[in-house]
Amino acid sequence: MATPISFARGAPSLDIVDVEGLRQAANQALSEDPGGMTAYGTAVGYKPLREWIAERHQVAPEQVIVTNGSMQADAFLFDALVGRGDAVIVERPTYDRTLLSLQQRGADVRMVELEPDGVDVAALERVLIAGAKPKLAHIIPNFQNPAGYTLSAEKRQRLIELAEVHDFVIFEDDPYVELRFEGAPLATMLSMGGERVVYASSFSKTVCPGIRVGYLVGPAELIARIVKIATSTYISPSMVSQAIVNQFCRSGALERSIETVKLALKERAETLTEALRRELPDARFEPPQGGYFLWVQLPRGTDVNALFSVAAERGLQFVKGSDFVLEGGESDLRIAYSGVTPAQIEEGVQRLAEAYHEVTASTRVGAA
């Protein structure tokens, strides 16, 4: 049995996690504020970290809530804004957990096609003109999960304009923003004066996934409503985790960690794109400029369900494209390159190509 290789999980490998920096941050937090980090705290989160985030985004602390990971931040925002039957705009494809969360709330999910420079704003405008009245548009602007695409500056501005005219909130879900390894960074919609923007991010991608610290930034009135939801949910999030992140950020370890992660991701992304071009020339994809993911489109009619099974027999995992859409995606797949070494990427792509050739050969035989 071949050694397993996973292209499925969007998480960094241990070799690019700053374990020593985390150890030092934990020791410093316990030394400086043992009472604060071991107590319950309040639902707004660990206040020194809340203040650091507010300063980073140039907002008042009252506009920030720190949560147990960004998915919990997402859930609180959906609880505050989305009711059964409410229309919500999402990208196509989009993060599978977002789809699930919205469907569980009974939302009327409207998918708008994603282009290499972000959501198709012209198509979104057509949906709005046709009569849709969304409460929310969920947008992953940088190195989108699952596609790896980045929303252009022009489209960011147009989205803000559409939100103002059509009275909806832009949910700028931005956990990968710091992981750019090529090109110039783009301004967030939050910083572009978006009064209708609620921003979310996470330390899972820059510190480590196990730390489970995320946050929301938005209008103070909305954040106050979300604080009430958080209070009734868990009294307070993990003060221990948040105090460690606070020390990690304030010590300069965060910036060093980001540089380490970006260098590793750049090498892994380059290895992946080169291997795909060599081993699987039928595949279509956009080389990423940052983040964890690459979206692969195989020729129409390719049975990715069968490919998934044949690849698994070779010890290779990936995520099927159909998981990220309401319908379709049968010939697409997502590759996460963050948690695998360049050598594993080379081997994994070779296994993927072998599985693809087996599946397409059997399809041709069946058709004959």
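Predicted model: local features only at pLDDT ≥ 70, side-chain atom pairs only at ≥ 80, totals over all residues.
In what order do the strands of the open sheet of eight strands run, and with what pairing? The order is E2-E9-E8-E7-E6-E3-E4-E5, and the pairing is mixed. Residues are numbered from 1 along each chain as its sequence is written, and side-chain values use heavy atoms, with hydrogens and water left out.

A word on the labels, then: helices (H or I, at least four residues) and strands (E, at least two) are DSSP runs numbered from the N terminus, and two strands are said to pair if DSSP finds at least two bridges between them. In general, strands of a sheet pair through backbone hydrogen bonds, either parallel or antiparallel.

In the eight-stranded sheet, the edges are strand E2 (64–67) and strand E5 (118–119), each of which pairs on one side only. Strand E6 (residues 136–139) runs parallel to E7, with four bridges between them, and here Ile-139 has Glu-172 of E7 as its bridge partner. Strand E8 (residues 197–202) and strand E9 (residues 214–217) are instead antiparallel, again over four bridges, with Ser-201 bridged to Tyr-215 in E9.

Let me stay with strand E7 (residues 169–173), which is largely enclosed by the rest of the structure because five of its five residues are buried; buried means under 20% relative accessible area, exposed means over 50%, and partly exposed lies in between, with a 1.4 Å probe and protein chains only. Both faces of E7 are covered, with Val-169, Phe-171 and Asp-173 on one side and Ile-170 and Glu-172 on the other. If we take contact as heavy atoms within 4.5 Å, and leave aside neighbours within four places in sequence, the residues that Ile-170 touches include Ala-137, Ile-139, Leu-159, Met-189 and Val-198.

That brings us to the nonpolar cores, a core being a set of buried Ala, Val, Leu, Ile, Met, Phe, Trp, Tyr and Cys residues joined through side-chain atoms within 4.5 Å. The largest has 56 residues, and those with the most contacts inside it are Leu-49, Ile-53, Leu-159, Ile-170 and Phe-203. Helix H9 (residues 239–250) gives the largest share of this core, six residues. Apart from it lies another core, of 42 residues, among them Leu-272, Phe-318, Ile-335 and Val-349.

In helix H3 (residues 47–57), the buried residues are Leu-49, Arg-50, Trp-52, Ile-53, Ala-54 and His-57, and the buried residues of H3 pack against E2, E8, E9, H9 and helix H10 (253–279). Just after H3, Gln-58 takes a positive phi of about 60°.

There is also an open sheet of three strands, in the order E10-E13-E12 and with antiparallel pairing, whose edge strands are E10 and strand E12 (319–320). E12 is joined to strand E13 (residues 332–336) by two bridges, and Val-319 has Arg-334 in E13 as its bridge partner.

Grid points are joined across faces, edges and corners, and a volume is the space filled by probe spheres set on the points.

The largest pocket holds about 580 Å³; of its 24 lining residues, Arg-9, Gly-10, Met-71, Tyr-95 and Lys-205 are the closest to its centre. Helix H4 (70–81) and helix H5 (96–104) each supply at least two residues of that lining, and H4 gives the most, with three.

The second largest pocket has a volume of about 450 Å³, and of its 21 lining residues the nearest to its centre are Glu-113, Arg-284, Trp-295, Gln-297 and Asp-332. Two or more lining residues come from each of strand E4 (108–115) and strand E10 (293–297), and E4 gives the largest share, three residues.

The largest cavity has a volume of about 40 Å³, and Val-304, Asn-305, Lys-320, Ser-322, Gly-329 and Glu-330 line it.

Definitions and conventions. 1 Å grid on protein atoms, 1.4 Å probe; cavity = no way out; pocket = protein on both sides within 12 Å on 5 of 7 lines; lining within 4 Å.
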